[in-house]
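Please have the sequence and the structure at hand while reading.

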Amino acid sequence: MNRTVAEHLVTTLREAGVRHIYGLVGDSLNPVVDAVRRTEGIEWVHVHNEEAAAFAAGAESQLTGRLAVCAASCGPGNTHLVQGLYDAHRNGAKVLAIASHIPSRQIGTGYFQETHPEQLFAECSHYCELANSPEHAGRLLHIAMQHAIGRSGVAVLILPGDIAGAAAAGPRSYGRPVYERAASVPPQAQLTALAEAVNQARTVTLFAGSGVRGAHDEVMRLAGQLQAPVGHALGGKEWIQYDNPYDVGMSGLLGYGACYEATHEADLLILLGTDFPYDDFLPGGKTAQVDHDPVKFGHRTPVDLAVHGDVRETIRALLPLLERRTDRRFLDRMLHRHTRALEHAVAAYTHDIERHTPVHPEYAAALLDELAADDAVFTVDTGMCNVWAARYLTPNGRRRVLGSWRHGTMANALPQAIGAARSQPGRQVVSMSGDGGLAMLMGELLTVRLHQLPVKIVLFNNASLGMVKLEMLVDGIPDFETDHLPVDFSAVAAALGIASVRVTDPAELRGALTRSLGAPGPALVEVVTDPNALSVPPKITAAQLKGFALATGKIALGGGVGRMLDLARSNLRNIPRP
């Protein structure tokens, strides 16, 4: 008996190394779901909203570096999928979405639940095509997989239900997907030009993004040879901040320390593997950029010199061309400024913190950082949780921190934790959830309970949309409709069969976190936090500051920074003395 198109699809995915398909069953998707049921080695992971399926697949791919798959039924199933696919695509996750469709003969007739997926997904994918026959479906499957893998983003295969259930046709295989990529070394002329620019600059600052992954040692050697401060975007934090004697913090809306000053006061700023979106925080000139993707050149800020290559290979080829420097005055000045900035922030945020009620969210984040495993995976909700993660989670080269850094959607943390836990058995997974985000996709608590995923949900509950409130205050607008009635989420979790605890006394927080992190199975720790704990960037305009002052009479500028102060002080102690 011939295999169906759906059976061919599922078998091909399994042979390509896919072990999970995240989705919600539905009629047009039934042939695919049934094929999964009858195929060993691949699992259907039932979620409660297709949006969560896409988030989960995106998280799995970011952690494994391999293809991950989600699926949705026609019409509303596809439209639910969109939000998570936007996030996965912008995060560079290798995700294949199976978007099932209405019967092929009904397309274009206004049929029940009809949408146009090829239009719907066009902006959030590298590839989106409709299969019009069984033979066509098999070929498009391979092309879609290779697009997702080769271009590090989303590919969508639109599959009408009648074609999924039809007998497969065409070759049984078009070959296995290719994951390995050649290392990109810049052309010699670009290397020579960069070396000349660096050697002529009196002072240099390095600014790292997620493209420095795998190049930590090379960046440290470059910084040492140039006596250069090293700042980072949020995407580069987990790859560059640890074991970094040149660290001057982070720039951007969640930034801290002396990164802004270091990038602006240097004679030459070198952007390393970053698509940092906030051009207001960049100097707008005297800039070189190294990236493996030429599309990124000048994408955010004017660039005087563009160098096309992988960060690691570029630095390795560049180092022999550079003069070694001994003048540390610029570096040391930035290290001192960075430490002073962190000390000021810590002093403002840590006074009586262990006794303050409602609980300081900074205190909760600092304890979580201390107690979590050295190789934990953190997923972080958009909003104020981004601030606490950026300033308190300490990277070490083994921990991972996932969030909606580029799409900025709410409700990402819990479904990303589902994908992380499913794909990383035995590894501690912590969802740093905000009450607004958890409320938006609260049904995914049922997913955690259904699959008994050992996700630890640390809920920062301030009964407010804190980041939205901050945005209003900075614009001089009194906050409006940002607060809501308090909810006991721990009671909701307990009703679903998830071990939970609600913490209102900071003295009880350490014990609650310790017990929950160490217990088997899922757990929720709800921390009732101070809704007035807000944060602003390290550099804001006079107009923004005026607006903030008009809307509120008090604000602590800078935010907390956790154990990063220890690193900064250690770096100062290690400065060579004359």
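Two strands count as paired if DSSP finds at least two bridges between them. With that criterion, the bridge partner of phenylalanine 207 in β8 is glycine 231. The model is predicted.

- Strand β7 spans residues 204–208, and five of its five residues are buried.
- Both faces of β7 are covered. Val204, Leu206 and Ala208 are buried on one side, and Thr205 and Phe207 are buried on the other.
- β7 pairs with strand β8 (residues 230–232) in the parallel sense, over three bridges.
- β7 also pairs with β11, again in the parallel sense, over five bridges. Here valine 204 stands opposite leucine 268 of β11.

**Aromatic pairs and cluster**

- Four aromatic pairs are found in a search of the whole structure.
- One of them joins tyrosine 260 and phenylalanine 281: the ring centres are 6.3 Å apart and the planes stand at 90°, so the pair is edge-to-face.
- Tyrosine 278, with 34%, is partly exposed.
- Phe207, Tyr260, Phe276, Tyr278 and Phe281 make up one aromatic cluster. Phe207 is also one of the buried residues of β7.

**A charge over a ring**

- Arginine 66 places its charged end over the ring of tyrosine 179, at 4.0 Å from the ring centre.

**The six-stranded sheet**

- An open sheet is formed by six strands in the order β15-β14-β16-β17-β19-β18, and the pairing is parallel.
- Its edge strands, β15 (400–403) and β18 (499–503), each pair on one side only.
- On average, neighbouring strands of this sheet are turned by 15° against each other, direction ignored.
- Within the sheet, strand β17 (residues 455–461) and strand β19 (residues 523–528) pair in the parallel sense over six bridges. Phenylalanine 460 has valine 527 in β19 as its bridge partner.
- Helix α16 (residues 413–423) packs on the sheet and touches β14 (377–380), β15, β16 (429–434) and β17. The direction of α16 makes about 170° with that of β16.

**Helix α2**

- Helix α2 covers residues 30–37, and Val32, Val33, Ala35 and Val36 in this helix are buried.
- Seen down the axis of α2, the buried residues fall within an arc of 160°, so they line one face of the helix.
- The elements that cover these buried residues include the helices α1 (5–15) and α7 (161–164). The strands β1 (20–23), β2 (43–46) and β6 (154–160) are also among them.

How values were computed:
Residues are numbered from 1 along each chain as its sequence is written. This is a predicted model: local features need pLDDT of at least 70, side-chain atom pairs count only at pLDDT 80 or more; totals for chains, interfaces and linings use all residues. Side-chain values use heavy atoms; hydrogens and water are left out. Buried means under 20% relative accessible area, exposed over 50%, partly exposed in between (1.4 Å probe, protein chains only). Helices (H or I, at least four residues) and strands (E, at least two) are DSSP runs, numbered from the N terminus. The arc is that of the directions from the helix axis to the C-beta atoms. Contact means heavy atoms within 4.5 Å. Axes are lines fitted to C-alpha atoms, for helices over the stretch in contact, and angles run from 0 to 180 degrees between N-to-C directions. Rings of Phe, Tyr and Trp (its six-membered ring) pair if their centres lie within 6.5 Å; planes under 30 degrees apart count as stacked, over 60 as edge-to-face and the rest as tilted. A charge sits over a ring if NZ of Lys or CZ of Arg is within 6 Å of the ring centre and within 35 degrees of the ring normal.
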